[in-house]
Amino acid sequence: MSKYLGDAMLLKVESAPASGTYAKIGGASSHTVSISNEVVDVSDKDSNRFKELLAAGDRSIAISMEGFISDEANFEIFRIAARDDVIINYTLEFGNAKTIVGAFHIDSFELTGPRNEGQGFSASLTNSGEPTTLD
């Protein structure tokens, strides 16, 4: 199996509710995307002690990232969503032409500002509802 370079990720926020217009907040210096699919156990006495599963449980997308702020005004929308515990729409664009678009909740948010470095942030997001795009 060959090794390859990690993807770049760009985080964009919907600049006005329900506008469909997304503006860049910043780029990720590192990120993790997790897609979880729960199963429903439907085992019964006829299962001969083997577990039987339905792929019918909850699904979720969780994203954790660290990055640098590239647009102060758009980042303020993101910061206020974290402060006010508001679910809004985001686009996550990856360097390999993959995209995730949908509503996300900011589970955790942290500003970083080491001396002599760019203003940064870290955040964890979880989807709310089915994404409109999941490439």
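This is a predicted model: local features need pLDDT of at least 70, side-chain atom pairs count only at pLDDT 80 or more; totals for chains, interfaces and linings use all residues.
Residues are numbered from 1 along each chain as its sequence is written, and local features required a pLDDT of at least 70, with side-chain atom pairs counted only at pLDDT 80 or more and totals for chains, interfaces and linings using all residues. Side-chain values rest on heavy atoms, without hydrogens or water.

Seven aromatic pairs are present in the structure (rings of Phe, Tyr and Trp, the last by its six-membered ring, with centres within 6.5 Å; planes under 30 degrees apart are stacked, over 60 edge-to-face, the rest tilted). Phenylalanine 75 and phenylalanine 78 form a tilted pair, with 5.8 Å between centres and 45 degrees between planes. Both residues belong to helix 1 (residues 72–84), where they stand three residues apart, about one turn of the helix (helices, H or I of at least four residues, and strands, E of at least two, are DSSP runs numbered from the N terminus). Phenylalanine 75 is buried at a relative accessible area of 4%, and phenylalanine 78 is buried at 0% (buried, under 20% relative accessible area; exposed, over 50%; partly exposed, in between; 1.4 Å probe, protein chains only). Phenylalanine 78 also pairs edge-to-face with phenylalanine 109, at 5.7 Å centre to centre and 70 degrees between the planes. Phenylalanine 109 is partly exposed, at 27% relative accessibility. Ring pairs join Phe75, Phe78, Tyr90, Phe104, Phe109 and Phe121 into a cluster.

Side chains of opposite charge can pair when their charged atoms come close. Three salt bridges were counted (a side-chain nitrogen of Lys or Arg within 4 Å of a carboxyl oxygen of Asp or Glu). Glutamate 93 and lysine 12 form one of them, at 3.3 Å from N to O. This bridge connects strand 6 (residues 88–94), which holds glutamate 93, with strand 1 (residues 9–14), which holds lysine 12, the two residues being 81 apart. Glutamate 93 is partly exposed at 28%, whereas lysine 12 is buried at 19%. In helix 1, arginine 79 and glutamate 76 are three residues apart, about one helical turn, and their side chains meet in a salt bridge at 2.5 Å, N to O. Arginine 83 and aspartate 84 form a salt bridge at 2.8 Å, N to O; arginine 83 is exposed at 53%, and aspartate 84 is partly exposed at 39%.
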